[in-house]
Amino acid sequence: RPAAAVMLLNREGKVWVGQRLDNALDAWQMPQGGLDKGEDPQEGALRELEEETGIKRDKVELIVRCPEELRYDLPPDLVGKVWKKNWRGQRQTWFLMRFIGEDSDVNIQTAEPEFRAWKWAEPAELPAMIVPFKKQLYEDVLKAFAAWL
(Lines give C-alpha, C1' and ligand atoms only; values in the text may rest on other atoms or scores of the structure.)
Protein backbone atom coordinates (compact mmCIF):
# COMPACT_ATOMS: atom_id res chain seq x y z
CA ARG A 1 0.00 0.00 0.00
CA PRO A 2 1.54 3.34 -0.97
CA ALA A 3 1.79 5.64 2.04
CA ALA A 4 3.47 8.73 3.48
CA ALA A 5 4.81 9.37 6.97
CA VAL A 6 6.23 12.22 9.04
CA MET A 7 8.95 12.34 11.66
CA LEU A 8 8.10 15.65 13.33
CA LEU A 9 10.79 17.27 15.48
CA ASN A 10 10.15 19.94 18.08
CA ARG A 11 12.62 22.65 19.10
CA GLU A 12 14.31 20.25 21.55
CA GLY A 13 14.87 17.60 18.87
CA LYS A 14 12.18 15.27 20.23
CA VAL A 15 9.76 13.41 17.96
CA TRP A 16 5.95 13.54 18.01
CA VAL A 17 4.33 10.15 18.70
CA GLY A 18 0.75 9.15 19.30
CA GLN A 19 -0.77 6.15 21.07
CA ARG A 20 -3.33 4.51 18.80
CA LEU A 21 -6.95 4.10 19.85
CA ASP A 22 -7.31 0.74 18.08
CA ASN A 23 -4.42 -1.03 19.79
CA ALA A 24 -4.36 -2.31 23.36
CA LEU A 25 -0.55 -2.45 23.36
CA ASP A 26 1.46 0.36 24.90
CA ALA A 27 2.65 1.21 21.39
CA TRP A 28 3.33 4.68 20.01
CA GLN A 29 3.77 5.72 16.38
CA MET A 30 4.58 8.69 14.21
CA PRO A 31 1.90 10.15 11.90
CA GLN A 32 1.46 8.10 8.74
CA GLY A 33 -1.17 6.81 6.37
CA GLY A 34 -2.13 5.67 2.93
CA LEU A 35 -1.97 7.91 -0.09
CA ASP A 36 -5.04 8.66 -2.17
CA LYS A 37 -4.83 7.60 -5.83
CA GLY A 38 -2.51 10.03 -7.66
CA GLU A 39 -1.70 11.99 -4.49
CA ASP A 40 1.78 13.51 -4.19
CA PRO A 41 3.59 11.93 -1.19
CA GLN A 42 4.44 15.28 0.43
CA GLU A 43 0.84 16.46 0.10
CA GLY A 44 -0.31 13.13 1.54
CA ALA A 45 2.11 13.46 4.45
CA LEU A 46 0.82 16.94 5.28
CA ARG A 47 -2.80 15.76 4.95
CA GLU A 48 -2.17 12.77 7.24
CA LEU A 49 -0.35 14.97 9.75
CA GLU A 50 -3.33 17.30 10.00
CA GLU A 51 -5.92 14.50 10.00
CA GLU A 52 -4.16 12.63 12.81
CA THR A 53 -2.71 15.43 14.95
CA GLY A 54 -4.65 18.57 14.09
CA ILE A 55 -1.33 20.25 13.19
CA LYS A 56 -1.82 22.60 10.24
CA ARG A 57 0.75 22.75 7.43
CA ASP A 58 1.76 26.33 8.33
CA LYS A 59 3.06 24.96 11.65
CA VAL A 60 5.70 22.72 10.02
CA GLU A 61 8.77 23.14 7.83
CA LEU A 62 10.20 20.44 5.60
CA ILE A 63 13.76 19.47 6.52
CA VAL A 64 14.33 16.56 4.13
CA ARG A 65 12.57 13.79 2.22
CA CYS A 66 13.91 10.27 2.64
CA PRO A 67 15.62 9.41 -0.68
CA GLU A 68 14.03 5.95 -0.86
CA GLU A 69 10.75 4.37 0.12
CA LEU A 70 10.81 2.35 3.33
CA ARG A 71 8.66 -0.75 3.72
CA TYR A 72 7.08 -2.98 6.29
CA ASP A 73 4.93 -6.10 6.13
CA LEU A 74 1.96 -6.87 8.34
CA PRO A 75 2.03 -10.03 10.44
CA PRO A 76 0.05 -12.78 8.63
CA ASP A 77 -2.86 -12.59 11.11
CA LEU A 78 -3.49 -8.92 10.21
CA VAL A 79 -3.38 -9.22 6.39
CA GLY A 80 -6.87 -8.52 5.06
CA LYS A 81 -8.10 -7.24 8.43
CA VAL A 82 -6.31 -3.91 8.89
CA TRP A 83 -7.26 -2.34 5.57
CA LYS A 84 -10.28 -2.94 3.35
CA LYS A 85 -8.08 -4.23 0.56
CA ASN A 86 -5.71 -7.13 0.93
CA TRP A 87 -2.56 -5.07 1.32
CA ARG A 88 0.19 -7.00 3.08
CA GLY A 89 2.13 -3.94 4.19
CA GLN A 90 3.12 -0.44 3.22
CA ARG A 91 5.79 1.26 1.17
CA GLN A 92 6.18 4.64 2.76
CA THR A 93 7.72 7.92 1.68
CA TRP A 94 9.09 9.53 4.85
CA PHE A 95 9.52 13.23 5.52
CA LEU A 96 11.51 14.83 8.33
CA MET A 97 9.76 18.04 9.39
CA ARG A 98 10.29 20.68 12.05
CA PHE A 99 7.35 21.73 14.23
CA ILE A 100 7.31 25.53 14.44
CA GLY A 101 4.05 25.81 16.37
CA GLU A 102 3.17 25.41 20.01
CA ASP A 103 1.95 22.29 21.81
CA SER A 104 -1.48 23.95 21.92
CA ASP A 105 -1.59 23.56 18.10
CA VAL A 106 -1.84 19.78 18.57
CA ASN A 107 -5.40 18.45 18.73
CA ILE A 108 -5.83 14.68 18.51
CA GLN A 109 -9.62 15.07 18.90
CA THR A 110 -9.95 15.22 15.12
CA ALA A 111 -12.95 14.36 12.91
CA GLU A 112 -11.83 10.71 12.93
CA PRO A 113 -9.54 10.32 15.97
CA GLU A 114 -6.73 7.78 15.72
CA PHE A 115 -4.83 8.49 18.95
CA ARG A 116 -5.78 8.44 22.64
CA ALA A 117 -2.62 10.24 23.80
CA TRP A 118 0.46 11.96 22.40
CA LYS A 119 3.90 13.05 23.59
CA TRP A 120 7.36 14.10 22.49
CA ALA A 121 9.93 11.28 22.60
CA GLU A 122 13.67 10.94 22.15
CA PRO A 123 14.48 9.62 18.65
CA ALA A 124 16.56 6.73 20.01
CA GLU A 125 13.51 5.47 21.98
CA LEU A 126 11.31 5.08 18.88
CA PRO A 127 12.08 1.45 17.88
CA ALA A 128 11.19 0.22 21.38
CA MET A 129 7.90 2.18 21.38
CA ILE A 130 6.37 0.88 18.13
CA VAL A 131 4.47 -2.37 17.53
CA PRO A 132 7.07 -5.13 17.05
CA PHE A 133 6.43 -5.66 13.33
CA LYS A 134 7.39 -2.01 12.62
CA LYS A 135 10.58 -2.00 14.72
CA GLN A 136 12.92 -2.47 11.71
CA LEU A 137 11.05 0.27 9.83
CA TYR A 138 11.65 2.74 12.66
CA GLU A 139 15.33 1.75 12.81
CA ASP A 140 15.52 2.44 9.05
CA VAL A 141 13.84 5.85 9.52
CA LEU A 142 16.37 6.77 12.23
CA LYS A 143 19.23 5.71 9.96
CA ALA A 144 17.84 7.71 7.02
CA PHE A 145 17.51 10.89 9.08
CA ALA A 146 20.55 10.43 11.36
CA ALA A 147 22.42 13.42 9.91
CA TRP A 148 19.58 15.76 10.94
CA LEU A 149 18.81 14.30 14.39
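In the predicted model, 6 aromatic pairs are present. In one of them, the ring centres of Trp94 and Tyr138 lie 6.0 Å apart with the planes at 90°, and the pair is therefore edge-to-face. This pair joins distant parts of the chain, since Trp94 belongs to strand 7 (residues 89-99) and Tyr138 to helix 3 (residues 135-144), 44 residues apart. Trp94 is buried, its relative accessible area being 0%, and Tyr138, with a relative accessible area of 2%, is buried as well. A further edge-to-face pair is formed by Trp118 and Trp120, whose ring centres are 5.9 Å apart and whose planes stand at 85°. Of these two residues, Trp118 is partly exposed, with a relative accessible area of 25%, whereas Trp120, at 15% relative accessibility, counts as buried. Trp118 and Trp120 also belong to one aromatic cluster, together with Trp16, Phe99 and Phe115.

Two members of this cluster, Phe99 and Trp120, are in contact with Asn10 when the neighbours of Asn10 within four places in sequence are left aside.

Elsewhere, a charged residue is placed against an aromatic ring: Lys119 lies over the face of Trp28, at 4.4 Å from the ring centre.

Terms used: Residues are numbered from 1 along each chain as its sequence is written. This is a predicted model: local features need pLDDT of at least 70, side-chain atom pairs count only at pLDDT 80 or more; totals for chains, interfaces and linings use all residues. Side-chain values use heavy atoms; hydrogens and water are left out. Contact means heavy atoms within 4.5 Å. Rings of Phe, Tyr and Trp (its six-membered ring) pair if their centres lie within 6.5 Å; planes under 30 degrees apart count as stacked, over 60 as edge-to-face and the rest as tilted. Helices (H or I, at least four residues) and strands (E, at least two) are DSSP runs, numbered from the N terminus. Buried means under 20% relative accessible area, exposed over 50%, partly exposed in between (1.4 Å probe, protein chains only). A charge sits over a ring if NZ of Lys or CZ of Arg is within 6 Å of the ring centre and within 35 degrees of the ring normal.
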